[in-house]
Amino acid sequence: MVETPQSSQIESAGHKDNILHVLFRSGALYAYYGVPKPLFIDLINDSSPKGYLSKHIEKSYPYKRLY
């Protein structure tokens, strides 16, 4: 599932097999591992997706930049 949240910093976000992929408008793509689907849904529906990502996902789940 790929969604386009209303965000000035996030271009799109996708979730499959508990891996969240986030493509930033800068062109950077990150993978966040072990993220449950409800957090993905909350991310794309939040009024500040980047803020939600920083507060609820980046501090709790391992991630790496893919490019």
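# A guided reading of the five-stranded sheet

Five strands make up an open sheet in this predicted model, ordered E1-E2-E3-E4-E5 with antiparallel pairing.

Visitor: Which strands stand at the edges of the sheet?

Guide: The order of the strands is E1-E2-E3-E4-E5, and the sheet is open. Two strands each have a single partner strand, so one side of each is left without a neighbour in the sheet. These edge strands are E1 and E5.

Visitor: How many bridges join E2 to E3?

Guide: Strands of a sheet pair through backbone hydrogen bonds, either parallel or antiparallel. E2 and E3 run antiparallel. One of the pairs across them is Gly14 with its bridge partner His21 in E3. The number of bridges joining E2 to E3 is six.

Visitor: Which residue in the turn between E2 and E3 has a positive phi?

Guide: E2 and E3 form a hairpin, with two residues between them. In that turn, a positive phi of about 55 degrees belongs to Asp17.

Visitor: What is the bridge partner of Glu3 in E2?

Guide: E1 and E2 run antiparallel and are joined by two bridges. A hairpin of six residues connects E1 to E2. Across this pairing, the partner of Glu3 in E2 is Ala13.

Visitor: How many of the seven residues of E2 are buried?

Guide: A residue counts as buried under 20% relative accessible area. Ser12 lies in strand E2, and with 16% relative accessibility Ser12 is buried. E2 is largely enclosed by the rest of the structure, because the number of its seven residues that are buried is five.

Visitor: Which residue in E3 does Ser12 stand opposite?

Guide: Ser12 belongs to strand E2. Not counting residues up to four places away in sequence, Ser12 touches Val2, Glu3, Thr4, Pro5, His21, Val22 and Leu23. Of these, the residue that stands opposite Ser12 in E3 is Leu23.

Visitor: Is Ser7 buried or exposed?

Guide: Ser7 is placed in the loop between strand E1 (2-3) and strand E2 (10-16). Its contacts, leaving aside neighbours within four places in sequence, are with Arg25 and Pro49. The relative accessibility of Ser7 is 13%, and the limit for a buried residue is under 20%. Ser7 is therefore buried.

Visitor: What is the relative accessible area of Arg25?

Guide: Arg25 meets Glu11 in a salt bridge. Glu11 is partly exposed, at 33% relative accessibility. Arg25 likewise counts as partly exposed, and its relative accessible area is 42%.

Visitor: Which residue meets Glu58 in a salt bridge?

Guide: A search of the whole structure finds two salt bridges. In the one that involves Glu58, the N to O distance is 3.7 Å.

Visitor: What separates the C-alpha atoms of Tyr63 and Leu29?

Guide: Tyr63 lies in strand E5 and is partly exposed, with a relative accessible area of 41%. Leaving aside neighbours within four places in sequence, Tyr63 is in contact with Tyr30, Ala31, Tyr32, Tyr33 and Glu58. Tyr63 and Leu29 are 34 residues apart along the chain, and the separation of their C-alpha atoms is 11 Å.

Visitor: Which residues make the nonpolar surface patch of about 300 Å²?

Guide: One member, Leu66, lies in the segment after strand E5 (63-65). Leu66 is partly exposed, with a relative accessible area of 37%. The patch is made by Tyr33, Leu66 and Tyr67.

Technical notes:
Residues numbered from 1 in each chain as written. Predicted model: local features only at pLDDT ≥ 70, side-chain atom pairs only at ≥ 80, totals over all residues. Heavy atoms only, no water. Helix = DSSP H or I, 4+ residues; strand = E, 2+ residues; numbered from the N terminus. Buried < 20%, exposed > 50% of the residue type's maximum accessible area, 1.4 Å probe, protein only. Contact = heavy atoms within 4.5 Å. Patch = residues over 30% accessible without salt bridge, like charges linked within 9 Å, V, L, I, M, F, W, Y side chains within 5 Å. Areas by Shrake-Rupley, 256 points an atom, 1.4 Å probe, with all protein chains shown as cover. Salt bridge = Lys/Arg side-chain N within 4 Å of Asp/Glu carboxyl O. Pairing = 2+ DSSP bridges.
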